[in-house]
Each structure stands twice: as C-alpha cells, then as structure tokens.
Amino acid sequence: MNHPTQISRYEIKRSVGQGGMARVYLAHDPHFNRDVAIKVLAQRSMSSPIIREKFGAEAKLIAGLEHNAIVPVYDYGTHEDQPFLVMRLMTGGTLEERLRQGALSLEEIDLVLRRICSALDKAHGKHIVHRDLKPANILFDDGGMPYLADFGIARLTDATQTTTVIGTPSYMAPEQALGKPLDARTDVYQMGVVLFEMLTGQVPFKGEHSTAVVYQHVHEPVPDLRQFSNQIPFYYQQVVEEAMAKQPLQRPATAGELYERFKKAPYTQTAIYEPTLVAKPYERTVVAPESETKAPPRSNLLVFGGIGAVLGLLLLAVGVWWLTSATASEQMNVLSPAVTETPTQVLIMASERDTPTVTAVPVVVAEEENTAVGNLLDPSPTSEPEEETASTEPTAPDPPTAVPATPTPTAPPQLSGNLGGGAGQIVFATNNDGNYDIFAAPLADPRRLVQLTNHIANDFGPRYSPDSSKIAFHTYRDNNWEIYIMNSDGTGLYNLTQHGGDDTFASWSPDGTHLLFHSNRDGDFEIYRINVNGSGLQQLTFNNVDDLNPAYSPDGSQIVFHRRTGGDYQLFIMNADGTVARQLTSEPYHHEAARWSPAGTQLVFMGNPGGVSTVFVMDREGQNRRRLSPAGIESFYPEWSPDGEWVAFHGRVPNTENREIYIVNVQTGEERTITNSSNIEERMPAWQP
C-alpha cells in the first residue's frame, strides 16, 4: 500500500498502525520541529458522513478532556478531503509491552494508577466513559510518564444506531457483557483488572475462547493475588476485589477513590478507612489530597503503533446461555430486542491474549485502534514566570512525578514521621479555593492538610523560622508584594515590610532575628535585610541589574543569590554585609533560587538548560554538579530537609498547568510525591526544622 508523503504541513515518515477506521503515521512537524502522530480516516470510512462527523468529534472530545495524563490533540484538519488528527507522539511503549516482562513494582503501579485514575475522573466529570481500559491503551512518554489513549474509539463506534457494547474480553465489566447501562464504575472495574495484572503480571481470568473469559467476569470470584506470588502484600486483595465487584454499586464510585484505597491499604492492613481531616483554625478549610509516587522511567523507549488486535466475536447460542445462565432475565437482557428500544449488538474487542471465536449470532464487527500516539517532550517548553515581575504573581512549577522508596514485600510503604530529620512537616502554597493560600502537611500522612492563611490575595513562598515558631511569606494583599510573618499555626499575622515596591522571597537568618528579601523599591531588584520587628532595614546590593532570591549560609557569614547578567541569571555568593560578590555559574541559561545544605557544603538550585527548569545540586564552589529532579519534569524552588538528606521542590509535566510537591533523596535518588491533585496546584515547599 502506498502511503502519503505529506499531509498538510506534516512530513510523513512511516505508518505505525492501522485500525478499523483510521491509519496512524509517524510524521514530522517542521513548524515546531517535532515528531507527531497523525491519525487519518481510512479510505473505506470516507463515504460515511456519520463516521466523518464522529472522527471530527473525537478531536473535540480529547481537546475537551485536556489533562496531563490524557494524550493530547495538537491539530485537526482535512487534507485532500481526508480528515486527520495530529496527536502527541508517545515514544515509551505501552503498559502491555511492559507487562510482558512480568509484574510491576509498587512504585510503578502507583504512578500508573494515580495518573490514569486522575484522567478517568476528568473524563467522567464530562459524562464520558472510556469502556476499553487495558494496558494497550496506556502509553508512556520518553520520561516514563503514563498517558491514557483511545478515548475516541467508543464515540466513533457510537455512529451506529444500535446499542453497542464495546470491550476487550480480558478486561470487560459484567454489565458490558450483559448489555446493561454503563457508567464510571465500568471504567473502575476495568482499572481493577489492570491493577490485578500490574500486581501479578497476569490477567485474572483466562479461557480457551473469549466467551469463556467473559463468563468468568460475570460469574467467577476474583482470584487470590497470592496464588500468583506470595510477595504481593495481602492487603491489596481487598482493593482489587472491591474494584472488580460484580455489582457496579459495590465498587468505588470514582477512579480517584480506587486509587485512594490502593494508597491507604498499607496503612489500614485489613480495613479501608476514611481520611482524617484536621480541623482548620479560624474558619479555614481543610482538604485531604492524595499522596503519590512515581516510577522511574525505563530505558527501552520505543516508537510504536499498536494496531487494534483482532475484533469481533460473540455469543454462540451456547455462549449466550453460558454467559447469562444466572437468571432468565439476564438472558433476555442480551437476547431480547424488547429489552431495549433497538436491537442489542455486542462487540467484544479481542486483545493479543484472547482467542477470537466465530459465532453464528449476527454481530457488529469493528476493529479496535490501539495506536500509540503521544508526544515527545516539547523542545521549547515554557518556563516559569520570572519571580521579580511586579505586575504578576511569582509562579512556580507544575507536577512532576517522584520515585518513592521501594517497600518491602510484607511492610507498607509508609513515610517516616521524622522524614528529613526535622518535625516531618512541610508548608507550601496551594490554590485550593482559587487563590493561593499557605497550607501545612505532615509528611507521615500528606493527605492531612491544614490551611494557615485564608485571604482573597495570593500568598507564596512560606519559610519556617529556625525555631519553627514562625512562618514568613510574601503576599499581594496591598496591591503590591509584601513580606508577612505569622505564627506557625496561622495566628499572629503581621506585615513586616510596608512599601510601595514589591518585596518577595523572604529568607531567615540562622539566628532567626532578621530576614533577607529582594525588592524593586529603588527601581531594579536589590537585596535587603530587615529585623523581625520591622526595624533595621538595610540595603545590601547596589547595581543596575537585578539581584534576587537571597539565602544565608548556615553560619550566617555568606549569602547566595542570583543576578541577571546579560540575558541569563547566574549564581553569586557574597559576604553577609553585601561585600565581595563572586560568580559561581556561567553557562548560557538561567541559574536561580539556590539554597545551602544544612552543613553548608552544597547548594541546590534550579536551572533551565534546554529551556526546561531542573533542580541541580553542586558543591559550594560550583563544582561536581548533578541533576536531582526526574527527567521529563519541570522542577522549581528546591529546599533542603533539616538533615540534608532530602530536597523538596514543586514540579510539573512540561506544557501542563498542574504543580505538585516532590522530595528526592540527595544520595540515593529516591523520589516521592507528596501531593496529588489534578486541578489544584501546590508550590514553593519548605521543611519545618
């Protein structure tokens, strides 16, 4: 078959997959200098105006489901009267390919479950049921981030005027097989099957033919996970059984609830409990976000196009009876046209594991498109807004994904109460109510958030005093940025700086008697110090360039900061009185927001080589630099733990607008995600001493 060499402006490289209604190509977009995946409506579907309309609706559907774990659409158009979609190219393979190597680690499972469940909640919020969740439809980018694909398949099939049930036998919910109405719990069931497979490396039900597999989904109990491996913690059995309950109302109501039960299982042993909400002081609201973890990216990243496997099968007369033998009414649900306004036609999509059978019953046969589409990380991602911009809020990064500690087979992967050598608590800014307020969270249970500020203005950059009694932050309460101080429980708030300029990014002195900050009160940004009672204001730098984000060394003798030199920011160190500034970095990209390690021997900072903000660590002389934050994540505003073992930061997947809090172990590289929310941002964390 001859393939086109050009579709619109896109240069076709090769075909990577074909389904019943479309073919997918690997192409190059010269405008943005990136590779993309292009889905083109197949010639045999061109004559159907309904299918053409649904093909266009798929683009609008996915665009309307914008989420950092859903494969996005870049473009839609028509080339020589042939509709096409341009989508992000995923180069990391599928979950199905990874499962061929066996079960996943708990960290990898956590990452997949967290992101895909969040994507499903987004879809369900728009009354969209995926209906074909399976490992082949979960794709990875080159940084190891999983994405949900093929939302358009069900909508395309809905072009028929019959009641059509779509699914893959190994992942089919009972109500699908019985031709009953579907809702979000149908996807929860299928996600439960995927969870079972990630834990064991095998699907729960197998049979000589697909009808036998579907029968087991309808009638057989969920197998015991520990039949497959005695290394699987027992407490996940209940999570899987609840997700795969035969009756939809007995399952978790949302995909997010399924993920929450998975996360809580190690803590509850045999029971699932509701999160404990901390009473908010002074009418402040309390939220309970999910904790999360991330799996390390794998190296075997492949450009692929999964082709929809074999389709079509259904219900031999014996198969129909076998599937619905429980009751005669269930048989009628499948076989009797009188049950529905239109004849029920059941379409089962077979995966490579399923053996298709031929049926004498008339069925609708369509082909599934399991095409790997996704995106190479955008070569020119946007960076965080510059912190010194007076007219806008200082912004921080979006969500990366952290790699948690590897739990033992028999012990839950709990966070230590004294993680980081301090009080085990962090503070950060989050926009739970639309504007940014300051929240505190114990690392032992990051789901418990206590709101410390509650104001219509935005509050950012919280920092504990050395004795943990107070928190300094900057806020836009007076139509300009000011430094405020409050007690660590949110009481005793007062305005430290009162000036018409913008004062931001406060940093405590080691003895807790005064703070550093930067301000543009003399025209450009300079570094100042001020006593905690508001007296003793002193300007430390005097330049015609911007000096920003100062921080004391642990002994108080030196200050690290970044300065604009040419078009970039570079790190400098000066004496505590502002004298003798020396430059630490010189590469042609930004180096910002440096912080001393508690021992004073190292510095962490954020830099953006290649345009992607990344957290680095180096020695105090600027040597032996290495990356700390995970690949494929934009990472911002790092802060050390009190014992110097961990670094906290906030991050995001490039080109998304959701930021989460992460921590990484400086020596081992172990990563953990502290927050997990699809529509709430968390920024600028700081550890409690």
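I start with Tyr637, which has a relative accessibility of 3% and so counts as buried; buried means under 20% relative accessible area, exposed means over 50%, and partly exposed lies in between, with a 1.4 Å probe and protein chains only. Before going on, a word on the source: this is a predicted model, in which local features need pLDDT of at least 70 and side-chain atom pairs count only at pLDDT 80 or more, while totals for chains, interfaces and linings use all residues. Residues are numbered from 1 along each chain as its sequence is written, and side-chain values use heavy atoms, with hydrogens and water left out.

Back to Tyr637. This residue lies in strand β30, residues 634-640. Helices here are DSSP runs of H or I with at least four residues, strands are runs of E with at least two, and both are numbered from the N terminus. The phi of Tyr637 is positive, near 50°, and the residue is not a glycine. Most residues other than glycine have a negative phi. Asn549 also has a positive phi, of about 50°, without being a glycine. Asn549 sits in strand β22, residues 547-552, and is buried, at a relative accessible area of 0%.

Now the chain as a whole. How many helices and strands are there in the chain? There are 11 helices and 34 strands. The chain has 689 residues, and 61% of them count as buried. Its accessible surface comes to about 25000 Å², with 50% of that belonging to carbon and sulfur atoms; the areas come from the Shrake-Rupley method with a 1.4 Å probe. Take the contacts between residues at least 6 apart in sequence: 58% of these join residues at least 24 apart. Contact means heavy atoms within 4.5 Å.

Next, helix α3, residues 106-125, which holds Ala119. Is Ala119 buried or exposed? At 0% relative accessibility, Ala119 counts as buried. Leaving aside residues up to four places away in sequence, Ala119 touches His67, Ala69, Ile70 and Leu148. Ala69 is 50 residues from Ala119 along the chain, yet their C-alpha atoms are separated by 5.7 Å.

α3 also packs against α6, at an angle of about 170° and with the axes 11 Å apart. Axes are lines fitted to C-alpha atoms, for helices over the stretch in contact, and angles run from 0 to 180 degrees between N-to-C directions. α3 and α6 are therefore roughly antiparallel, the word for angles over 145 degrees. Residues making this contact include Leu106, Ile109 and Val112 of α3, and Ala184, Asp187 and Met191 of α6. By class, the contact has 12 nonpolar, 1 polar and 1 charged residues. Ala, Val, Leu, Ile, Met, Phe, Trp, Tyr, Cys and Pro count as nonpolar, Asp, Glu, Lys and Arg as charged, and the others, Gly among them, as polar.

Last, helix α7, residues 210-219: 9 of its 10 residues are buried, so α7 is largely enclosed by the rest of the structure. Among the buried ones are Ser210, Tyr215 and His217.

Notes: Angles under 35 degrees count as roughly parallel, over 145 as roughly antiparallel, 65 to 115 as roughly perpendicular and the rest as oblique.
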